[in-house]
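Have a look at the structure first.

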Amino acid sequence: MEDYIVSARKYRPATFNDVVGQPALTTTLKNAVKSGKLAHAYLFCGPRGVGKTTCARIFAKAINCLHPTADGEACGECESCKAFNEGRSYNVFELDAASNNSVENIKTLMEQTRIPPQIGKYKVFIIDEVHMLSTSAFNAFLKTLEEPPAHVIFILATTEKHKILPTIISRCQIYDFERMTVGDIIDHLKKVADQEGITYEPEALNVIAEKADGGMRDALSIFDQAASFCQGQITYQRVLEDLNVLDADNYFKIIDLSLANRTGEIMLLLNALIAKGFDAGHMVNGLASHVRNVLMAKDPETLPLLEVSDSQRQRFREQAAKCPTKFLYKALKIMNQCDVNYRQSSNKRLLVELTLIQVAQITQADDEDGVAGRSPKRLKSLFKQLTASQHTTAPRVAVAEKPLLRPTKAAKHEEAVTKPSSETETAPQTPRHNSPSPGGRTRLKMGMAGLSFNDIRNTGREKAAAADDIVEKVSNENRQFTQDELELQWMSMCNRMPQKMTGIAARMKNMTPRITNFPRVEVTVDNQILLDEMAIIKGRIRATLAGGLHNGEIEIDLRLARMDEIKRIPTKRELFEDMTKKNPAIEKLRGLLDLELA
């Protein structure tokens with residue numbers, strides 16, 4: 001049995017013409033070999049698996065070839081080429097900077113640069129993953145890199161150019177390798193499959209190419225895995241099963257169901273996918289990429305941006321004809337928001353379900369019936385039959401109810417706002433009195449349940465009147481409340497304050513009201529300016545707390561803090577230093593990750 005060699009090594013390019021996906025770069029290197037105009041240092045940078053180290057070896061071989069071809073390739077027959085092919089060349093040195101990143105390793109390498117080559121013109125030093133060198137190693141390498149001996153050429157390869165010192169980069173010719181396109185990967189996989197005698201389906205190779213994410217080495221590794229699983233017959237379904245990749249048909253189906261507003265079937269499909277072991281977050285990301293491809297397929301000019309097979313491109317074109325552009329824009333925005341919130345969500349599945357529900361409702365018309373509440377948009381029903389049954393039973397319950405509270409001015413103002421615009425424009429500008437609705441009942445508004453800062457935005461007289469209404473409503477209530485309940489209502493009040501009062505609300509959150517002589521509450525304020533600002537809205541604060549705590553006798557005392565009561569707020573650095581004193585492992589972690597406190 002012959003020794004098995006993986007495809008990534010077996011089909012590794014041996015000449016510039018064999019390199020896939022880098023035509024401009026290989027042409028430049030061949031021209032440099034032909035003209036003999038060689039730099040003393042090169043920097044090859046780009047993503048993994050695109051041919052950086054391979055091109056460095058081919059370049060090193062061509063530089064020392066005794067009889068290069070007319071187009072700049074190595075002849076492969078001279079003594080230098082044979083020594084390189086057999087791995088016994090003393091003119092080419094490779095150093096893995098990931099494991100040899102110390103100053104001593106670089107000094108050893110620099111000593112070897114003094115010895116001239118025995119065969120050929122140059123000694124070529126290939127340093128792979130050069131960004132892993134330590135700062136001291138970079139500094140030790142700097143002088144030699146700037147003025148190396150005439151017979152020395154350095155080729156540096158890295159996947160993270162931004163980690164290399166600028167002084168190193170400025171001394172090199174920089175070559176940026178591109179990601180492999182799906183088309184280039186598919187063409188190369190077809191050649192490998194033909195040489196190996198493996199049958200395949202074009203859609204299966206397309207899945208492998210997309211899974212490789214622009215890396216030819218990754219594509220060949222996945223190809224070997226799929227060929228082993230499929231026993232030499234690579235099919236689309238078998239590749240999906242082997243790689244655990246979500247079938248693109250599911251994305252097409254979800255979009256079709258969303259256009260038809262069939263939310264229930266989307267939920268069933270999501271449940272089936274999760275039951276098969278697919279991650280809901282990855283599914284949303286895949287769906288977002290699918291919607292992006294549909295959007296690109298709507299315009300013939302952007303159609304080439306789709307890195308898919310011809311059959312898939314046709315499917316995208318057909319679905320793009322059915323999807324409104326506005327639907328695609330909104331769907332992308334909704335799914336992008338889901339991706340942003342996914343990590344912080346404690347119930348990830350619910351977040352994904354809500355996202356798919358919102359996508360399915362984009363093309364759904366607004367419900368005709370009115371909706372209670374303050375939302376500026378009407379809620380869209382998910383299941384029409386359920387909504388219809390609710391509409392038939394709700395009036396019977398509502399008729400039996402009777403007025404519970406006297407409407408406040410805030411409630412009257414809100415009722416006027418929630419009326420259709422045509423009514424508010426034609427109605428006379430006289431004080432509006434509440435009239436019973438058809439059924440003999442008074443409609444209850446959210447403003448009756450408590451005072452919110454968003455309800456009071458008119459003149460100071462109306463604000464004071466609204467606050468008095470709330471206090472009057474709870475004047476007969478005298479419920480006992482605890483310190484914890486007081487602090488909870490205080491924080492809730494600060495969170496409900498309007499946008500224009502964000503500054504004072506943020507400072508009030510740092511205060512802690514105290515029960516001094518029940519129901520009297522004392523609030524200590526740090527400075528006179530803030531005290532004056534709070535004194536203006538003191539009545540509204542009292543009214544809000546009275547409504548939330550159901551105690552109309554509550555009194556608020558504002559007091560300027562004494563010097564010994566003012567606590568200095570520590571800075572972020574002081575907080576971090578305090579944390580490191582309590583737990584030294586935090587400082588150790590910061591050093592290992594090379595973090596700095598912003």
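Which residues form a nonpolar patch on the surface? Leu589, Leu592, Leu593 and Leu595 do, with about 420 Å² of accessible area together. Bear in mind that this is a predicted model, where local features need pLDDT of at least 70, side-chain atom pairs count only at pLDDT 80 or more, and totals for chains, interfaces and linings use all residues. Residues are numbered from 1 along each chain as its sequence is written, and side-chain values use heavy atoms, with hydrogens and water left out.

**Surface patch**
- Patch members have over 30% relative accessible area and no salt bridge, and nonpolar side chains (Val, Leu, Ile, Met, Phe, Trp, Tyr) are joined within 5 Å, like charges within 9 Å.
- A salt bridge here is a Lys or Arg side-chain nitrogen within 4 Å of an Asp or Glu carboxyl oxygen, and areas are Shrake-Rupley values with a 1.4 Å probe.
- Leucine 592 sits in helix H27 (residues 585–593); helices are DSSP runs (H or I, at least four residues), numbered from the N terminus.
- Leucine 592 counts as exposed because its relative accessibility is 66% (buried is under 20%, exposed over 50%, partly exposed in between).

**Second largest pocket**
- This pocket has a volume of about 1,000 Å³, and among its 37 lining residues Glu210, Val245, Tyr251, Gly286 and Ser289 are the closest to its centre.
- On a 1 Å grid, a pocket is an open set of points with protein on both sides within 12 Å along at least five of seven lines, while a cavity is a set where a 1.4 Å probe fits but cannot get out; lining residues have an atom within 4 Å of a point.
- H14 gives the most to the lining, with eight residues; other helices supplying at least two include H8 (182–196) and H12 (248–259).
- By class, the lining has 17 nonpolar, eleven polar and nine charged residues, with Gly counted as polar.

**Largest cavity**
- The whole structure has one cavity of 30 Å³ or more, and the largest cavity holds about 30 Å³ of space.
- Helix H3 (52–63) and helix H4 (79–85) each give two or more residues to its lining.
- Ala60, Lys61 and Phe84 are among the residues lining the largest cavity.

**Asparagine 31**
- Asparagine 31 lies in helix H2 (residues 23–35) and, at 38% relative accessibility, counts as partly exposed.
- Its C-alpha atom is separated by 6.3 Å from that of glycine 72, 41 residues apart along the chain.

Notes: Buried means under 20% relative accessible area, exposed over 50%, partly exposed in between (1.4 Å probe, protein chains only). Grid points are joined across faces, edges and corners, and a volume is the space filled by probe spheres set on the points.
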